[in-house]
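Hi,

Here is the structure I promised to pass on. Have a look at it first, and then read on for what turned up in it.

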Amino acid sequence: MRRTPRIVLGIARCGALALLMLAAPAFADGTDLLALTREALINDPTYSAARYTQLAAIEAVPQARSNLLPNVSASVGDAANRYDFRSENQLLLPSFEKTFNSWGPALNFSVPLYSAPLWESLTQAKLSVKQSEAQLAQARSDLLVRVAQAYFDVLAAQDALTALRENKKAVSEQLAQAKREFEVGTKTIVDTHEAKARYDQIDAQEQVARGDLAIKQSALRAIIGHDPGELQRLRDPIQLDPPKPNDVETWAHNAEQANYSVMAARAASEIAHHETKRAHDAYLPSVNVTGGIQYQRSTGSLYIPVTNNTTGSSLGITLTVPVFTGGAIQSQVREALAHEERADQDLELARRTAAQAARQAYTGVDYGLAQVQALESAELSAKTQLDSTRLGYQVGVRINLDVLNANTQLFNTQRDLKKARYDFLINGLKLKAAAGNLQDEDIQVVNSLLQR
């Protein structure tokens with residue numbers, strides 16, 4: 001029976017792998033978010049540990065229930081007995097030695113008829129299972145957000161590196177043009193030096209960006225357990241919608257009620273309440289039915305020189321009343337009350353933390369959407385500015401540095417726009433996670449925004 005959970009998990013693991021192969025085929029243009037999420041649900045150690053923790057918590061119920069059921073035990077004993085009697089008056093009572101063996105089985109049972117603390121323990125066990133289920137759901141929700149965050153962190157790092165390389169290419173072309181124009185005498189050496197300085201600066205930034213990309217890829221690899229390979233990118237442009245309902249207080253209220261951490265803290269508070277009641281119930285009497293049957297076969301005894309068989313049985317009711325426990329029960333009650341107050345404070349903290357997380361994520365979504373719209377306009381303006389600056393440079397009203405700055409501004413704006421879109425999507429997932437309603441369908445919606 002102890003191996004059943006491991007066997008069930010093994011079957012579930014194989015089923016999940018089969019689902020992964022069927023539902024998440026490899027695309028020629030890279031791996032998508034949904035496929036990596038399914039792999040993370042199988043391979044992430046943090047989530048796997050939460051699943052095993054929940055399996056262990058389930059066993060608290062049958063263990064607590066067993067204390068309310070009959071307890072039957074069997075035993076068998078075999079003993080060698082030796083009597084050595086030495087008399088000081090051999091005429092009246094001679095000395096003697098006597099040796100005999102005895103053995104036999106025994107069967108004993110105990111049935112609790114009334115014990116209030118045991119019933120409270122069963123209630124606590126059921127609540128602990130409820131708490132573990134909320135904690136597992138929280139771990140799953142956290143995993144969905146962690147995978148999406150790591151996925152888009154890699155894309156953002158790739159975008160930053162790509163922007164630097166494109167800018168480096170443009171600066172390289174501008175540097176070559178400045179050299180040609182200096183050679184024919186139409187421009188000064190200043191333009192060449194400016195382009196060379198900008199090129200060297202971007203080259204140094206590129207090395208930093210490459211290292212950042214490696215770190216982001218390593219973070220994603222730590223979740224899924226292997227190199228994710230090429231990732232599918234976000235479509236450009238994409239339609240981004242505001243959250244529904246578009247009210248921050250509604251999301252905060254939902255988070256205070258349905259957040260998984262709040263649900264776990266609420267279960268912990270109820271457990272602490274029942275622990276206080278269980279401590280009070282220690283004052284109450286307990287009633288148990290006890291009994292047993294014994295069989296013994298002996299080769300003799302002190303007074304019976306021949307082999308004999310003895311069968312005995314007993315049945316009784318035991319009433320136990322705590323009269324004086326040295327203050328232990330009073331101390332346990334005070335301890336339980338303190339733990340109950342702490343659990344209530346933990347519940348209040350969980351509510352406030354969930355509401356704050358919902359407000360923060362909502363703000364990220366709300367202002368993130370405005371930022372995306374502003375950066376989309378800024379991208380168009382940067383393109384127009386670059387074209388105008390290049391034209392002005394050709395006719396002599398702009399200098400080389402102006403072109404370099406316009407190039408850098410365009411690439412940085414495009415990089416920031418993509419990053420803003422990633423942040424908007426991540427904050428949307430965090431908002432639903434804070435409210436306790438992040439589902440697999442939400443990952444599918446985000447996944448549908450990727451290029452196929």
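The cavity search gave 1 cavity of 30 Å³ or more. For this search, a cavity is a set of points on a 1 Å grid over the protein atoms alone where a 1.4 Å probe fits but cannot get out, and lining residues have an atom within 4 Å of a point. Grid points are joined across faces, edges and corners, and the volume is the space filled by probe spheres set on the points. The largest cavity holds about 30 Å³ of space. Its lining is made up of Ala-160, Ala-163, Leu-164, Asn-167, Phe-411, Asn-412 and Arg-415. Two or more of the lining residues come from each of helix 5 (116-184) and helix 10 (400-434); helices here are DSSP runs (H or I, at least four residues), numbered from the N terminus. Helix 5 contributes the most, with 4 residues. By type, the lining has 4 nonpolar residues, 2 polar and 1 charged, where Ala, Val, Leu, Ile, Met, Phe, Trp, Tyr, Cys and Pro count as nonpolar, Asp, Glu, Lys and Arg as charged, and the others, Gly among them, as polar.

Before going further, a word on the model and its numbering. This is a predicted model, in which local features need pLDDT of at least 70 and side-chain atom pairs count only at pLDDT 80 or more, while totals for chains, interfaces and linings use all residues. Residues are numbered from 1 along each chain as its sequence is written, and side-chain values use heavy atoms, with hydrogens and water left out.

Now to the charged pairs. There are 21 salt bridges, each a side-chain nitrogen of Lys or Arg within 4 Å of a carboxyl oxygen of Asp or Glu. One of them pairs Arg-140 with Asp-440, with the closest N and O atoms 2.8 Å apart. This pair links distant parts of the chain, as Arg-140 is in helix 5 and Asp-440 is in helix 11 (residues 440-447), 300 residues apart. Arg-140 is partly exposed at 26% relative accessible area, and Asp-440 is partly exposed at 30% (buried means under 20%, exposed over 50%, partly exposed in between, with a 1.4 Å probe and protein chains only).

Another salt bridge joins Lys-168 and Asp-203, where the closest N and O atoms are 2.8 Å apart. Here too distant parts of the chain are linked: Lys-168 belongs to helix 5 and Asp-203 to helix 6 (residues 189-224), 35 residues apart. Lys-168 is buried at 16% relative accessibility, whereas Asp-203 is partly exposed at 28%.

Within helix 6, Lys-216 and Asp-212 lie 4 residues apart, about one turn of the helix. Their side chains form a salt bridge of 2.7 Å, N to O. Both are partly exposed, Lys-216 at 23% and Asp-212 at 31%. Elsewhere, salt bridges with shared partners join Arg-165, Lys-168, Asp-203 and Glu-206 into one network.

Finally, have a look at Glu-379 in helix 9 (residues 328-395). Glu-379 is buried, at 12% relative accessibility. Its side chain makes a polar contact of 3.5 Å with that of Gln-414 (a pair of N or O atoms within 3.5 Å, one able to donate a hydrogen and the other to accept it; residues adjacent in sequence count only if both atoms are side-chain atoms). Leaving aside residues up to four places away in sequence, Glu-379 touches Leu-410, Thr-413, Gln-414 and Leu-417, contact being heavy atoms within 4.5 Å.

Best wishes

Notes: 1 Å grid on protein atoms, 1.4 Å probe; cavity = no way out; pocket = protein on both sides within 12 Å on 5 of 7 lines; lining within 4 Å.
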